[in-house]
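Here is a friendly walk through a protein model, written for someone meeting it for the first time. Have a look at the picture, then read on.

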Amino acid sequence: MADESWRIPMLVQELAAKVQQPPTRYVQPEQYHPVSLAVSAEKPDSIPVIDLSRLLTADGADDEGSKLRLASESWGLFLVDNHEIETSLMDDLINASREFFHLPLVEGYGNDPVASKDQTLDWLDRLHLRVEPEDERNLVHWPEHPKSFRALLHQYILNCKRIKDCILQAMARALGLEEDYIVAQFNNKAPSFARFNYYPPCPRPDLVFGVKPHSDSGVLTILLMDKDVGGLQVLKDGVWHNVPTSPHRLLINIGDFLEIMSNGIFKSPVHRAVTNAGKERISLAMFHGLDPEKEIEPAPALLHENQPVRYRKMKAKEYLMGFYEHFCRGTRFIDAVKI
């Protein structure tokens, strides 16, 4: 029987404690080394910031909505202030996540799927949990330690759902669509996933990525970042930009599905994570997707003679199959569905 052990690599946390050089499976080809790719010298505060409370007020919605549209067109991501999640909940959830990853190694978390022996691996461990639909949660995989973990995560999920709906309604208005057009694409089978990312210190951050360059597949990602250690970078106009550590702000990232629904008006940005030689980093990404049977296509109201359809229609499950194949190769599936 063929040796398939390469499909299940060692946990990076365990690996980081043993090696002084990353194994070759983690080292990027020379032309893709993180140090060889230009990073903007601009101040990190160039990343747009949206005041969520102003999107909800009569006197601020238009102005903040214009800022939201510009950020979605040019960056594809933005920071959010005044989201009404208690700072204590955000801190407690990150601290509980850190405590989980510091427990003796247990089953239930690990690396991304490995599709081929020559796939370059990312320098991270992760815990990936389905959180919606709620009746499809597999609580066997939800950590019981620390004891606060499940309650904290459940409360955070409820807040993210509220924020997601608020932002998607504002985005629909910014596009000139009916306010509930995008929100209405979600039904009771639409999945959401919580992904806890743990980036151990890396002996050679100049050679590996925490996560290789990619875009997100779903509609919207809400990211809770480590407030002390940075590492996320976004590609804009061919240049990488550092996303600042910004305590208690959330980062909102447009996914491929929303780029398609907007017919390319909004951008699903390419982003990556770099590593740190001396410090670990933790983040929590909440991915909001669509029912696998849902057909993804540009909103008909956005199509006209000067704005013809730019993406092929396909079911969400078909898109995800192509997405993961391309992700493992370090390419983008959305480029393959453009017309």
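What follows covers the nonpolar cores, the aromatic rings, the charges over rings and one record entry.

## Before we start

This is a predicted model, so local features need pLDDT of at least 70 and side-chain atom pairs count only at pLDDT 80 or more, while totals for chains, interfaces and linings use all residues. Residues are numbered from 1 along each chain as its sequence is written, and side-chain values use heavy atoms, with hydrogens and water left out.

## The cores

A nonpolar core here is a set of buried Ala, Val, Leu, Ile, Met, Phe, Trp, Tyr and Cys residues joined through side-chain atoms within 4.5 Å. Buried means under 20% relative accessible area, exposed means over 50%, and partly exposed is in between (1.4 Å probe, protein chains only). The largest such core has 70 residues, and Leu153, Tyr156, Met171, Phe196, Val219 and Tyr319 have the most contacts inside it. Helix H5 (residues 149-175) gives the largest share, 14 residues. Helices (H or I, at least four residues) and strands (E, at least two) are DSSP runs, numbered from the N terminus.

Take Met171: leaving aside neighbours within four places in sequence, its contacts (heavy atoms within 4.5 Å) include Leu68, Phe78, Ile182, Leu220 and Phe266.

## Rings meeting rings

Rings of Phe, Tyr and Trp (its six-membered ring) pair if their centres lie within 6.5 Å; planes under 30 degrees apart are stacked, over 60 edge-to-face, and the rest tilted. That rule gives nine aromatic pairs. In one of them, Tyr26 and Trp123 sit edge-to-face, 5.4 Å centre to centre with 80° between the planes. Tyr26 is in the loop between helix H1 (12-16) and strand S1 (49-51), and Trp123 is in the loop between helix H4 (87-102) and strand S3 (125-132), so this pair ties together parts 97 residues apart in sequence. Both Tyr26 and Trp123 are buried.

Phe323 and Phe327 are a stacked pair, because their ring centres are 6.4 Å apart and their planes are at 15°. Phe100, Phe101, Phe149, Phe196 and Tyr198 form one aromatic cluster.

## Charges over rings

A charge sits over a ring if NZ of Lys or CZ of Arg is within 6 Å of the ring centre and within 35 degrees of the ring normal. Lys164 lies over the face of Phe186, 4.1 Å from the ring centre, and Arg281 lies over the face of Tyr199 at 4.3 Å.

## From the record

An unreviewed UniProt entry places "domain: Fe2OG dioxygenase" at residues 190-290; such annotations may be inferred rather than shown by experiment. Over residues 190-290 the chain is 6% helix and 42% strand, with the end C-alpha atoms 4 Å apart.
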